[in-house]
Amino acid sequence: MLDAHLHIIDPRFPLVENDGYLPEPFTVDDYLARVAHLGVTGGTVVSGSFQAFDHGYLLDALDRLGPTFVGVVQLPATASDDEITRLDAAGVRAVRFNVRRGGSAALSDLDRLARRVHDLVGWHAELYIDSRDLAELHTTIAALPSVSVDHLGLSQDGLPSLLRLVESGIHVKATGFGRVDLPVADALRAVADVSPGALVFGTDLPSTRAPRPFRDSDITLVEDVFGDELSDAVLRRNASELYRIETETAPGSSVSR
C-alpha cells in the first residue's frame, strides 16, 4: 500500500499555533510503528497548517523514510525557482493550498503558482477545501495542469461540484474518513464511476483535529467497495503514478535520492 496522505509532527522543528491548536508529536518513528502491520511501502508526507512554510521537518522526514516517500509543501508565492528545484530534488512532488485551515499561499495565487511549479518541476497542486466552495472555482481549477482535492472534498452538498472536476481530470484523495460529512462508501463509488484512476488512498495519520481518527478498517472499507483489482489501483497504483513513486525499496531505508 502507498499511504498518499500522512503528517509528521516533529517538535524539533517549528510549529505554528492555528486557531489555538497545536498538535501532539507524531514522529517518523511513531508513524512507522503505527503502520508496521499494514504493508505500507511508501507514501506522501503532507505539510499541515501548523507547519506553514517550514520545510525542515519535511526534509528530515523524507531523508529518514527513504526514497519511496515523497512530500507535499506549502509555499509562499514568492518562493524562488532555486528553492522549488531544491525541494523537488529532495522528493517534494506537490504544492498544497490549505484553504480550510490556512498556513499556505492564498487562493489568489493558485493559478499562477500551480502553473509555475508544474512547468518548472512537474508538481501538481493539492487543495484542502470544502467541496461546497468548488463551484465558484471550477473554471480556474479545471484549467490547471494537475490538481488533487483532499478528504473526498469533505461535504456531501459539494459532491456534485467535485464530480464535475473529476470529469475534467483532477484526482481525489480517499482520506480523512473520520472528518468528512458524507457517506464514504457512496462517495468513493461516485468518484470511481466518473474516473477509476482519480482516487488515491491515504491514512491521514495522525488525523489531527478529526472527530474520528484513522482506523485500519478504513482500508477494509475501500477493499469491500471496490474488490481486488480496483482496490489495488486506489491503494497503490494511482498514487504511484500521481506522485511518481517507485516502491522497490522498503520504508525507513537510508538510500539517497
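Is Arg 96 buried or exposed, and at what relative accessibility? At 2% relative accessibility, Arg 96 counts as buried, where buried means under 20% relative accessible area, with a 1.4 Å probe and protein chains only. The model is predicted, so that local features need pLDDT of at least 70 and side-chain atom pairs count only at pLDDT 80 or more, whereas totals for chains, interfaces and linings use all residues. Residues are numbered from 1 along each chain as its sequence is written, and side-chain values use heavy atoms, with hydrogens and water left out.

The strands, taken as DSSP runs of E of at least two residues and numbered from the N terminus, include eight that form an open sheet in the order β1-β2-β3-β4-β5-β6-β7-β8 with parallel pairing, pairing being assigned if DSSP finds at least two bridges between two strands. The edge strands, β1 (2-6) and β8 (199-201), each pair on one side only.

The structure holds 17 salt bridges, each defined by a side-chain nitrogen of Lys or Arg within 4 Å of a carboxyl oxygen of Asp or Glu. In one of them, Arg 96 meets Asp 150 at 2.8 Å, N to O; Asp 150 lies in the loop between β6 and α6 (159-168) and Arg 96 in strand β4, so the pair ties together parts that are 54 residues apart in sequence. Asp 150 is likewise buried, at 0% relative accessibility. A further salt bridge joins Arg 179 to Asp 204, with the closest N and O atoms 2.9 Å apart; Arg 179 counts as buried at 15% relative accessibility, and Asp 204 is buried with a relative accessible area of 1%.

Technical notes. Helices (H or I, at least four residues) and strands (E, at least two) are DSSP runs, numbered from the N terminus. Buried means under 20% relative accessible area, exposed over 50%, partly exposed in between (1.4 Å probe, protein chains only).
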